Amino acid sequence: MRILVVEDDALVADAMLRGLTQSGFAVDRVDRAERAEAAMQREAFDLLLVDLGLPGMDGFEFVRRVRRAGHAVPVLVVTARDGLADRVNALDIGGDDYLVKPFAMPELAARCRALIRRSKAEGNPQVVVGGLHLDLPRREARVGDEPLDLTPREWAVLECLALHAGQVVRKERLQQAVSSWNDDITTNAVEVYVSRLRGKLGEAVSIRTARGLGYRLDEN
Ligand code: CA
């Protein structure tokens, strides 16, 4: 799951980056809303963490523009301001939740998980492809009754493939799902995760290679 942190305070941003990375998220950071908009045009994120007080365009204006552009990505507003008006405002302009600094890292990670879960699981939190069963809220996968032991990155690749079962998912998309800008993850690494997944999945489903494009998860 990939998070974009929009925060100009380097200390706070570093702490978020560390804490969320430890919790298994791929995290990217920008210090201005303008850079966040540019990043969102290039890549897909599963959650935005937005500070309200930013140089240039402030967090309120940024979130308003994100919604006006039609992005449904969940937004968690993080800010030092604790006035009631700001909290109400943040939700009114399209924020999904609100966290006041200083906060405890486990709470931040839990709120991020909850928001992403809610957005992914709208409708159906379970994905079944052939003999493979994914419980998205719990991030658990099993084949028949056998639970699969997956690393966070293997899970991310499998989740992305399963949510698009029967369709080719580009290698670059899978790479984005597992890595942040600072990670040196190549599309070759995606091949490694896919190969490990094939070993773990056995005969339950097939991950087929679409040469030069990506991969497709199919029922057997
Ligand atoms: Ca700030």
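The model is predicted, so local features need pLDDT of at least 70, side-chain atom pairs count only at pLDDT 80 or more, and totals for chains, interfaces and linings use all residues. Residues are numbered from 1 along each chain as its sequence is written, and side-chain values use heavy atoms, with hydrogens and water left out. Helices (H or I, at least four residues) and strands (E, at least two) are DSSP runs, numbered from the N terminus.

Helix 2 covers residues 33-42 and helix 3 covers residues 59-68. They pack at an angle of about 20°, and their axes are 10 Å apart. Axes are lines fitted to C-alpha atoms, for helices over the stretch in contact, and angles run from 0 to 180 degrees between N-to-C directions. Helix 2 is therefore roughly parallel to helix 3. Angles under 35 degrees count as roughly parallel, over 145 as roughly antiparallel, 65 to 115 as roughly perpendicular and the rest as oblique. The crossing of helix 2 and helix 3 is right-handed. A crossing is right-handed if the near helix is turned clockwise from the far one by less than a right angle, and left-handed if anticlockwise. On the helix 2 side, the contact involves Ala 33, Ala 36, Glu 37 and Met 40. Phe 62, Arg 65 and Val 66 meet them from helix 3. Contact means heavy atoms within 4.5 Å. By class, this contact of helix 2 with helix 3 has five nonpolar, no polar and two charged residues. Ala, Val, Leu, Ile, Met, Phe, Trp, Tyr, Cys and Pro count as nonpolar, Asp, Glu, Lys and Arg as charged, and the others, Gly among them, as polar.

Met 57 sits in the loop between strand 3 (47-51) and helix 3. Met 57 is buried, with a relative accessible area of 14%. Buried means under 20% relative accessible area, exposed over 50%, partly exposed in between (1.4 Å probe, protein chains only). Neighbours within four places in sequence aside, Met 57 contacts Ala 33, Glu 34, Glu 37, Phe 62 and Arg 65. The C-alpha atoms of Met 57 and Ala 141 are separated by 41 Å, at 84 residues apart along the chain.

Val 63 belongs to helix 3. Its relative accessible area is 1%, and Val 63 is buried. Beyond neighbours within four places in sequence, Val 63 is in contact with Val 50, Val 75, Ile 93, Gly 94 and Gly 95.

A second pair joins helix 1 (residues 10-22) and helix 5 (residues 105-120). Their packing angle is about 65°, with axes 10 Å apart. This crossing of helix 1 and helix 5 is also right-handed. Helix 1 contributes Ala 15, Met 16, Gly 19 and Leu 20 to the contact. Helix 5 contributes Met 105, Leu 108, Ala 109 and Cys 112. The contact of helix 1 with helix 5 holds seven nonpolar, one polar and no charged residues.

Most residues other than glycine have a negative phi, and most peptide bonds are trans. The peptide bond from Lys 101 to Pro 102 is cis, with omega near -5°. Pro 102 lies in the loop between strand 5 (97-100) and helix 5. Arg 139 has a positive phi, near 55°. Arg 139 occupies the loop between strand 7 (132-135) and strand 8 (140-143). At 28% relative accessibility, Arg 139 is partly exposed.

Helix 6 (residues 152-163) has twelve residues. From its first C-alpha to its last, helix 6 reaches 16 Å, close to the 16 Å expected at 1.5 Å a residue. The expected span is 1.5 Å times one less than the number of residues. Nine of the twelve residues of helix 6 are buried, including Trp 155 and Leu 158.

Leu 150 is placed in the loop between strand 9 (146-147) and helix 6. Leu 150 is buried at 18% relative accessible area. Leaving aside neighbours within four places in sequence, Leu 150 contacts Ala 141, Trp 155, Leu 158, Leu 197 and Lys 200.

Helix 7 (residues 171-178) and helix 8 (residues 187-201) cross at roughly 85°, and their axes come within 9 Å. Helix 7 is therefore roughly perpendicular to helix 8. Lys 171, Glu 172, Leu 174, Gln 175 and Val 178 of helix 7 meet Thr 187, Val 190, Glu 191 and Tyr 193 of helix 8. The contact of helix 7 with helix 8 comprises four nonpolar, two polar and three charged residues.
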